[in-house]
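Please keep the sequence and the structure in view while reading.

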Amino acid sequence: MEKFDVVIIGAGAAGLFCAAQAGLAGLNVLVLDNGKKAGRKILMSGGGRCNFTNMYTEPAAYLSANPHFCKSALARYTQWDFIDLVQRYGIPYHEKTLGQLFCDDSAQQIIDLLLQECEIGQVTIQLRSEVTHVEKKESGFVITAAGKKVSAHSLVVASGGLSMPGLGASPLGYRIAEQFGLNILPTRAALVPFTLHKPLLEQLQTLSGVSVPSVVTATDGTVFRENILFTHRGLSGPAILQISSYWQPGEYVSINLLPDTDFGCFLDKERESHPNQSLKNTLAKLLPKRLVECLQSLGQLPELSLKQLNAAQQKALITTLQCWQVQPNGTEGYRTAEVTLGGVDTHELSSKTMEAHKVKGLYFIGEVVDVTGWLGGYNFQWAWSSAWACAQALIFPKN
């Protein structure tokens, strides 16, 4: 039976980065993954350009039952540390919006960086190796994968969450945690589009592909200001994906389609200048034409001129456009979700090392842990930071 210092389950962002750090420090590291390729989720992220971190990363951008847990790792390996690594590899990148950093060319460059770091650290990566059994021994762990057994002093679980099962996502990490008596918090899809109830969905389907800058507010008061996108299944776009992490079934979200406009004042000025102008043509100055036509067909937009618009109608219109109440039917689920909310309870882990309190030598990093970031590179930064914290504990163990 082959022996390693560390076995890491999962060849994603967290797993590869942790493996590279440990390997570069001289540890004998094996990475096991059930897929054909390493970094499959990295490759498709950010539209194929990998939003690898965010310049404004801070603990407030993360959801967790224990909001303090992520602070240590994020402080010890920051976004600037990973940006420095990207720069050392000469990978050109740009800021898209709101501190989101993307590769200019391809997400493959981030995968190549990680694989190169692993190669320098002489890390062994075994793909198409599904882990079927994990056993704790006095000297460490015995892991069975693809019918073969290997042993390791330490085991790192970086198997990700349940999002995007088409890319090989599985509940393996949660099963290992439960096997060793660790608590798992309920999981659900996050950073995911909303589906809508049938009547509203049918009414809005003509808007598929229309994008509108908006402010979206959840029931708990959480607010995100970005675009929303109408789809043939419901609502998507950055603002919707963000708010989905804070939404619970049955709740409404409030959408302001004109966040930068004093709409009442705008209508008053337009009425003064163009009293005979139709309300429809007036609104088309602010909103996409297809959206205005849809509102008219729904009876939300009266067919009249500005001078005919009375105070009650104007008030109702302002409410419709700036406090639109939508009750989603649900979400598109794990199939399209970018991340998984919930997971291994952070109270079970050391925030400094990611090691399980109950099981010496067992670590959990990345998405499998109950730490979920906002859209925009925050989840990749959690992968880098938690992996780095874990690697330091592997390199400098406390006996």
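Which residue of strand 17 stands opposite Ser254? The residue is Gln325.

This is a predicted model, in which local features need pLDDT of at least 70, side-chain atom pairs count only at pLDDT 80 or more, and totals for chains, interfaces and linings use all residues. Residues are numbered from 1 along each chain as its sequence is written, and side-chain values use heavy atoms, with hydrogens and water left out.

**The annotated insert and its sheet**

- UniProt, in an unreviewed entry, lists residues 188-339 as "domain: RsdA/BaiN/AoA(So)-like insert"; such positions are given in the numbering used here, feature names are shortened, and annotations may be inferred rather than shown by experiment.
- The end C-alpha atoms of residues 188-339 lie 9 Å apart, and the span is 34% helix and 24% strand. Helices (H or I, at least four residues) and strands (E, at least two) are DSSP runs, numbered from the N terminus.
- An open sheet is formed by seven strands in the order 17-16-13-14-15-12-18, with antiparallel pairing. Its edges are strand 17 (324-326) and strand 18 (328-331), each of which pairs on one side only.
- From one strand to the next, the twist of this sheet averages 40 degrees. Axes are lines fitted to C-alpha atoms, for helices over the stretch in contact, and angles run from 0 to 180 degrees between N-to-C directions.
- Strand 16 (residues 253-256) pairs with strand 17 in the antiparallel sense over three bridges; two strands pair if DSSP finds at least two bridges between them.
- Helix 12 (residues 311-322) lies across strand 16 and strand 17 and runs at about 110 degrees to strand 16.

**Strand 10 and its partners**

- Seven of the ten residues of strand 10 (residues 148-157) are buried, so this strand is largely enclosed by the rest of the structure. Buried means under 20% relative accessible area, exposed over 50%, and partly exposed in between (1.4 Å probe, protein chains only).
- Strand 1 (residues 2-9) runs parallel to strand 10 and is joined to it by seven bridges; Phe4 has Ala152 as its bridge partner in strand 10.
- Strand 9 (residues 140-145) pairs with strand 10 in the antiparallel sense over five bridges, and Val142 has Ser151 as its bridge partner.
- The hairpin of strand 9 and strand 10 has two residues between the strands, and Ala146 takes a positive phi near 50 degrees there.
- Strand 20 (residues 362-364) runs parallel to strand 10, to which three bridges join it; Val156 stands opposite Tyr363 in strand 20.

**Nonpolar cores and a buried serine**

- The largest nonpolar core has 87 residues, of which Ile110, Ile143, Phe364 and Trp382 touch the most other members. Such a core is a set of buried Ala, Val, Leu, Ile, Met, Phe, Trp, Tyr and Cys residues joined through side-chain atoms within 4.5 Å.
- Helix 13 (residues 378-395) gives the most to this core, with twelve residues.
- A second, separate core of 47 residues includes Ile228, Phe266, Leu295 and Leu301.
- Leaving aside neighbours within four places in sequence, Ile110 is in contact (heavy atoms within 4.5 Å) with residues including Ile42, Phe52 and Trp384.
- Ser245, in the loop between helix 8 (238-244) and strand 16, is buried, with a relative accessible area of 4%. Not counting residues up to four places away in sequence, Ser245 touches Leu63, Arg188, Ala190, Leu191 and Leu341.

**Salt bridges**

- A salt bridge is a side-chain nitrogen of Lys or Arg within 4 Å of a carboxyl oxygen of Asp or Glu; by this rule the count comes to ten salt bridges.
- Asp260 and Arg225 meet through their side chains in a salt bridge (2.1 Å, N to O). Asp260 lies in the loop between strand 16 and helix 9 (263-273) and Arg225 in strand 14 (residues 223-230), so the pair ties together parts that are 35 residues apart in sequence.
- Asp260 counts as exposed at 61% relative accessibility, whereas Arg225 is partly exposed, with a relative accessible area of 46%.
- Glu332 and Arg233 also form a salt bridge (3.0 Å, N to O), and this pair links distant parts of the chain, 99 residues apart.
- Glu332 counts as buried at 14% relative accessibility, while Arg233 counts as partly exposed at 34%.
- Arg233, Glu332 and Arg335 are linked in a network of salt bridges.
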